[in-house]
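This report looks at aromatic contacts and surface charge. The structure comes first.

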Amino acid sequence: REHFPPGCAPEIVCALEPLLCPLSSSFGFGSYALALLTPSRERLAGSALLVVQTAVGVVVYADVSSELLRNCFDTLARVAKSAFVGRVEKVDWSGHMPMIYTRTLSALGVAAVLDEGALAVLQSSSRLIAPEASVLSTAFPVLSLTKRAARLIVLDIDGSASPAEALARLLQLLRAVETFCHPSNDGWWVVRLGHFLLSLTKALDWRLHWEAAAAAAGTPTVFPPLSAAH
């Protein structure tokens, strides 16, 4: 992608459209190609909204445990980061965050209730300790998915809003999964929840360091930075 010319995103999306038909056998490969070929930074400039709309359109047909959903979240997270650092135009994520939160909860494998409704989810079994997280995220689509979800959630926090308003949905999600973080729980809960919480912390750490560096250099940020209250 580093060798792609600026403004190439519309051409890439157009070329991939035949592969993104949900009735086609190439649908899964098309979602992977979208995640693989979607450029970032200046190469995406002017086309961020187009890419987001394309990826969100695919999510409708994606199962919560599928690689297809992971590919869509990978694409969305790349656009979000490029927009956050000011390399592409701002994208309004407010209409997409309910979907991101509900799909994240589903991928975590917990039954919970958010404003968007009740979620019935599947369960599995495995184990994970924190040092293994970054390695296994590439091997398990659901772990890679929750890693991207953590980035989307953290970058969406509005620094201009009050802490109660900006963090309301995130706190609601954490309350929903808190029950499953008890030491007596074992198996797949450890994998999904542990990796998600680790990814959430790492994404927040990255944002705070980036905003601190921008403030020290006197560089204005596209999105309002988080305050100590947040």
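## Exposure of the tryptophans

What is the relative accessible area of Trp206, and is Trp206 buried or partly exposed? In this predicted model, Trp206 has a relative accessible area of 29%.

## Aromatic pairs

A pair of aromatic rings is described by the distance of the centres and the angle of the planes. Searching the whole structure gives five aromatic pairs. One of them joins Phe84 and Phe223, which are stacked at 5.7 Å centre to centre with 15° between the planes. Phe84 belongs to helix α4 (residues 67-84) and Phe223 to the segment after α10 (188-216), so this pair ties together parts 139 residues apart in sequence. Both Phe84 and Phe223 are buried.

The rings of Trp206 and Trp210 have centres 6.3 Å apart and planes at 20°, so they too form a stacked pair. Both residues lie in helix α10, with a spacing of four residues, about one turn of the helix. Together, Phe84, Trp206, Trp210 and Phe223 make up one aromatic cluster.

## Positive surface patch

Arg41, Lys81, Lys147, Arg151 and Lys202 form a positive surface patch. Within this patch, Arg41 sits in the loop between α2 (27-37) and α3 (48-59). The relative accessible area of Arg41 is 45%, so Arg41 is partly exposed.

Terms used. Residues are numbered from 1 along each chain as its sequence is written. This is a predicted model: local features need pLDDT of at least 70, side-chain atom pairs count only at pLDDT 80 or more; totals for chains, interfaces and linings use all residues. Side-chain values use heavy atoms; hydrogens and water are left out. Patches are made of residues with over 30% relative accessible area and no salt bridge: like charges are joined within 9 Å, nonpolar side chains (Val, Leu, Ile, Met, Phe, Trp, Tyr) within 5 Å. Accessible areas come from the Shrake-Rupley method with a 1.4 Å probe; for residues, only the protein chains shown count as cover. A salt bridge is a side-chain nitrogen of Lys or Arg within 4 Å of a carboxyl oxygen of Asp or Glu. Lys and Arg count as positive and Asp and Glu as negative; His and the chain ends are not counted. The place of a charge is taken as NZ of Lys, CZ of Arg, CG of Asp or CD of Glu. Helices (H or I, at least four residues) and strands (E, at least two) are DSSP runs, numbered from the N terminus. Buried means under 20% relative accessible area, exposed over 50%, partly exposed in between (1.4 Å probe, protein chains only). Rings of Phe, Tyr and Trp (its six-membered ring) pair if their centres lie within 6.5 Å; planes under 30 degrees apart count as stacked, over 60 as edge-to-face and the rest as tilted.
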